Amino acid sequence: MTTLLVSQRNFESHVTPTGHPERPDRLRAVDEALSREGFAELKRKDAPYGDLNLASLVHHPDYLEALRQVRPAEGLGRIDEDTFISSGSLDAASTALGAALLALDAVAMGEADNAFCAIGPPGHHAEAERPMGFCLINTVAIAAREAQRKYGAERVAIVDFDVHHGNGTQDIFQADPTVFYASSHQMPLFPGTGAPSETGVGNIVNAALSAHTGKDLMREAYEGRILPELEAFAPDFLFISAGFDADHRDPLAQLDWVPDDFSWLTGKLMDIANRRCGGRIVSLLEGGYDRQGLADGASAHVRRLMGR
Ligand SMILES: [Zn+2]
């Protein structure tokens, strides 16, 4: 089993206000955790710059230019109440995309069985026409489109276990039967979307979980709905929007998951990927705002991707 870890060396270029949950220390925590002894077998690469013009695959043609317009020469620009852009944010967004595309290439070409990208800023809240929720461009959506465009994948699946609903990814793909999107998330919680009744063209599955429901309801949501529908969709390629803010220590949510839950879920997704698409998984970091919770969740996830 070869698992590729793609790390982003310029993540500190994306600056947010002091005290903001989306902060460079998050990626330092993941980096430290995945530098420990148990991860020596990871194949490691640094993220190259990715072509931000690929944003037009999933965003409005004017989207990137609009982001460039609000990007300040110095200091911070404010996109909405909690989404900020600094002079280096698009550099960071570019290497986050570069990481995802490098991971896609490696897994599609068989150079790695699966891959995890430790990247920021996150992307799953960015809609076709609107950045929001700490997210500037929808990295996983662009990578999914590239899997179709570059590697001929007919059916691509994205499973999103970040504690927040990935309204952006759903917005982008809700009318496209070639992309399956499934999300488990706490509800009610930001951004407010993700009701089970939101099913797109039969390609969207939303499992809404109440606060303080731990592993039993989470496992029921996956075994009862998301996993059977994913299996039936039979993807050619599986992406994971891997947020670790469902961890019980997270300050932004209350889902009470423990690291073993992330490991269990990763194993279930790998089982389906093994049966349906040769195990091809590219996992991209989204949220996770407790330093230790993020480090422990990402460690459990990557350890399982490594086949442990
Ligand atoms: Zn989140």
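**Cysteines and the zinc site**

A search of the whole structure finds zero disulfides, a disulfide being a pair of cysteine sulfur atoms within 2.5 Å. Cysteine 117 is in no disulfide, and the nearest cysteine sulfur, that of cysteine 135, lies 15 Å away. Cysteine 135 is likewise in no disulfide. Cysteine 117 is buried at 0% relative accessible area, where buried means under 20%, exposed over 50% and partly exposed in between, with a 1.4 Å probe and protein chains only. Cysteine 135 is buried too, with a relative accessible area of 0%.

This is a predicted model, in which local features need pLDDT of at least 70 and side-chain atom pairs count only at pLDDT 80 or more, while totals for chains, interfaces and linings use all residues. Residues are numbered from 1 along each chain as its sequence is written, and side-chain values use heavy atoms, with hydrogens and water left out.

The zinc ion is coordinated by Asp162 (OD), Asp162 (OD), His164 (ND1) and Asp245 (OD), at 2.0 to 2.7 Å. Donors are N, O and S atoms within 2.8 Å of the metal (3.2 Å for Na, K and Ca); water is not among the atoms, so sites may look incomplete. In sequence, the donor residues follow the spacing D-x1-H-x80-D. Aspartate 162 sits in the loop between strand E6 (156–160) and helix H5 (167–173), and aspartate 245, 83 residues apart from it, in the loop between strand E9 (237–242) and helix H7 (259–277). Helices (H or I, at least four residues) and strands (E, at least two) are DSSP runs, numbered from the N terminus. Aspartate 162 is buried at 1% relative accessible area, and aspartate 245 is buried at 0%.
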